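Colleague: I would like to go through the labels in this model and hear what each of them rests on. Please show it before we start.

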Amino acid sequence: FVFERDLFVNLRLILVSGKTEDFTFSPNDSATDIAKHVFDNWPAGWEEEQVSSPSILRLIFQGRFLHGNVTLGALKLPPGRTTVMHLVARETLPEPNSHGQRNREKTTESNCCLLL
């Protein structure tokens, strides 16, 4: 017997400020879907961090940026359990496997964080 809630993935999103909020998604939801949902349902306690567009919201999971088409199911997240991800506002993403080298050359300030 499977409870309906066990078919969903619970995400606890953490902002740079340390504020958190829990959301529930389908394993078929992509990083882009999640960013749009969070933008459209921006939590009441996050007003100071409000962004102008869902397209600049980025998810970080296990130290890596999730590209837009990656689904929660592809990450093999355990349904019915809470998984923690960071949510940041960032215009561009490094290309996969480029380690951000191209972006680092274009700017003098670094917006990179390494989670170990």
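Modeller: One definition comes before the rest: rings of Phe, Tyr and Trp, the last by its six-membered ring, pair if their centres lie within 6.5 Å. The model is predicted. With that cut-off, F23, F25, W42 and W46 form one aromatic cluster, and the structure holds three aromatic pairs.

Colleague: Why is the pair of F23 and W46 called edge-to-face?

Modeller: The ring centres of F23 and W46 are 6.4 Å apart and the planes stand at 65°. A pair needs centres within 6.5 Å, and edge-to-face needs planes over 60 degrees apart.

Colleague: Which residues of helix 1 are buried, and why are they said to line one face?

Modeller: They are A31, I34, A35 and V38. Viewed down the axis of helix 1, the buried residues fall within an arc of 100°, so they line one face of the helix.

Colleague: What covers the buried residues of helix 1?

Modeller: The cover includes strand 1 (9-14), strand 2, strand 3 and strand 5 (82-89). Helix 1 lies across strand 1, strand 2, strand 3 and strand 5, and runs at about 125° to strand 2.

Colleague: What is the strand order in the sheet, and why are strand 2 and strand 4 placed at the edges?

Modeller: The sheet is open, has five strands in the order 2-1-5-3-4, and its pairing is mixed. Strand 2 and strand 4 (64-65) each have a single partner strand, so one side of each is left without a neighbour in the sheet.

Colleague: What makes strand 1 and strand 2 a pair?

Modeller: Two strands pair if there are at least two bridges between them. Six bridges join strand 1 to strand 2, and these strands run antiparallel. As an example, R12 has D22 in strand 2 as its bridge partner. In the hairpin of these strands, five residues lie between them, and G18 takes a positive phi near 100°.

Colleague: How many bridges join strand 3 to strand 5?

Modeller: Four, against a requirement of at least two. Strand 3 and strand 5 run antiparallel, and the bridge partner of R58 in strand 5 is V88.

Colleague: What is the pattern along the whole chain, and how much of the chain is buried?

Modeller: The chain has two helices and five strands, following the pattern β-β-α-β-β-β-α. Buried residues make up 30% of its 116 residues. Of the contacts with a separation of 6 or more, 59% come from residues 24 or more positions apart. The chain exposes about 7,800 Å², of which carbon and sulfur atoms supply 51%.

Conventions: Residues numbered from 1 in each chain as written. Predicted model: local features only at pLDDT ≥ 70, side-chain atom pairs only at ≥ 80, totals over all residues. Heavy atoms only, no water. Phe/Tyr/Trp six-rings, centres within 6.5 Å; stacked < 30°, edge-to-face > 60°. Buried < 20%, exposed > 50% of the residue type's maximum accessible area, 1.4 Å probe, protein only. Arc of directions from axis to C-beta. Contact = heavy atoms within 4.5 Å. Axes fitted to C-alpha atoms, helices over the stretch in contact; angles between N-to-C directions. Areas by Shrake-Rupley, 256 points an atom, 1.4 Å probe, with all protein chains shown as cover.
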